[in-house]
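Let us walk through this model step by step. Keep the sequence and the 3D view side by side.

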Amino acid sequence: MISLHSHSAQFCKHATGGSLEDVVREAIRKGFAVYGLSEHMPRTRRQDLYPEEEGMTPEDTLKTYDSFYAEAQRLKRLYKNEISLLVGMETENIHEETLGELERLRRQFKLDYLVGSVHHVNGVPIDFDKTMCAVAEATAFARDPSLSSGTEALFLQYFDAQYEMLQSCLPEVIGHFDLIRIFRADFQLTDAVWTKIRRNIDFGVSYGGIFELNSRAWKKQLESAYPQKDVLAVRRLKSPVRR
């Protein structure tokens with residue numbers, strides 16, 4: 001078995017469980033051959049911190065990742081005879097400087113891979129809670145009120161932000177592809193949204209990106225893992241699925 005997207009409570013405020021070493025030991029116990037240790041990239045603006053990070057500063061997020069990286073490398077050496085550990089970083093695309101910051105971090109840390117994810121639209125978190133998602137939706141609609149609904153605007157701008165991220169950093173792993181559905185699971189995807197979904201899938205396939213199956217969706221009462229079944233069906237038509 002292989003998993004390339006993980007977090008630990010030691011270094012991530014929204015993660016559950018114990019330390020990063022506990023995560024590694026559990027992966028070994030469950031028989032994983034390859035396991036990726038990933039953590040969110042640091043942020044540089046105070047307004048981009050989540051409510052759960054109250055009391056932290058942007059500088060603290062860099063210190064956290066630095067500590068994560070050191071510990072992940074230690075565990076990689078310690079358990080090398082029991083499991084193949086990879087050390088990575090999960091991306092963001094929050095504001096116009098984020099992707100440039102990511103490139104600098106990529107040079108600073110010797111990473112095995114990136115998990116290419118988007119958690120914000122127009123700087124507003126879309127996956128923290130329903131209230132923030134509604135703010136992101138209203139902000140998206142204000143930017144393009146000609147669309148049929150705020151939800152359509154939100155989805156279109158999410159997939160544009162994702163496309164920008166994919167083009168910029170070519171992440172080895174494409175994280176929770178349709179995370180935007182987390183609080184809008186009943187939205188019927190429009191033709192315009194499907195056009196952007198297919199564009200992003202085509203681009204990811206073109207450079208060999210791995211589309212992860214992310215079971216976190218089940219904890220949010222979605223029907224299936226990310227990507228949802230309709231999007232996964234489109235992905236499966238594009239090329240042989242990596243196993």
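Helices (H or I, at least four residues) and strands (E, at least two) are DSSP runs, numbered from the N terminus. This is a predicted model, where local features need pLDDT of at least 70 and side-chain atom pairs count only at pLDDT 80 or more, while totals for chains, interfaces and linings use all residues. Residues are numbered from 1 along each chain as its sequence is written, and side-chain values use heavy atoms, with hydrogens and water left out.

Start at E39. This residue lies in strand 2, residues 34–40.

What is in contact with E39 (heavy atoms within 4.5 Å), leaving aside its neighbours within four places in sequence? The list includes H7, F11, Y65 and M89.

M89 leads on to strand 4, where M89 stands opposite L114. Strand 3 (residues 84–90) pairs with strand 4 in the parallel sense over 3 bridges; pairing takes at least two bridges found by DSSP. Strand 3, helix 3 (residues 98–108) and strand 4 make a β-α-β unit.

Now look at strand 4 itself, residues 113–116. Y113 and V115 point one way, L114 and G116 the other, and all are buried. Strand 4 also pairs with strand 7 (residues 173–174), again parallel, over 2 bridges. There, G116 has I174 as its bridge partner.

Key: Contact means heavy atoms within 4.5 Å. Buried means under 20% relative accessible area, exposed over 50%, partly exposed in between (1.4 Å probe, protein chains only). A crossover is right-handed if, with the strands pointing away from the viewer, the path from the first strand over the helix to the second runs clockwise.
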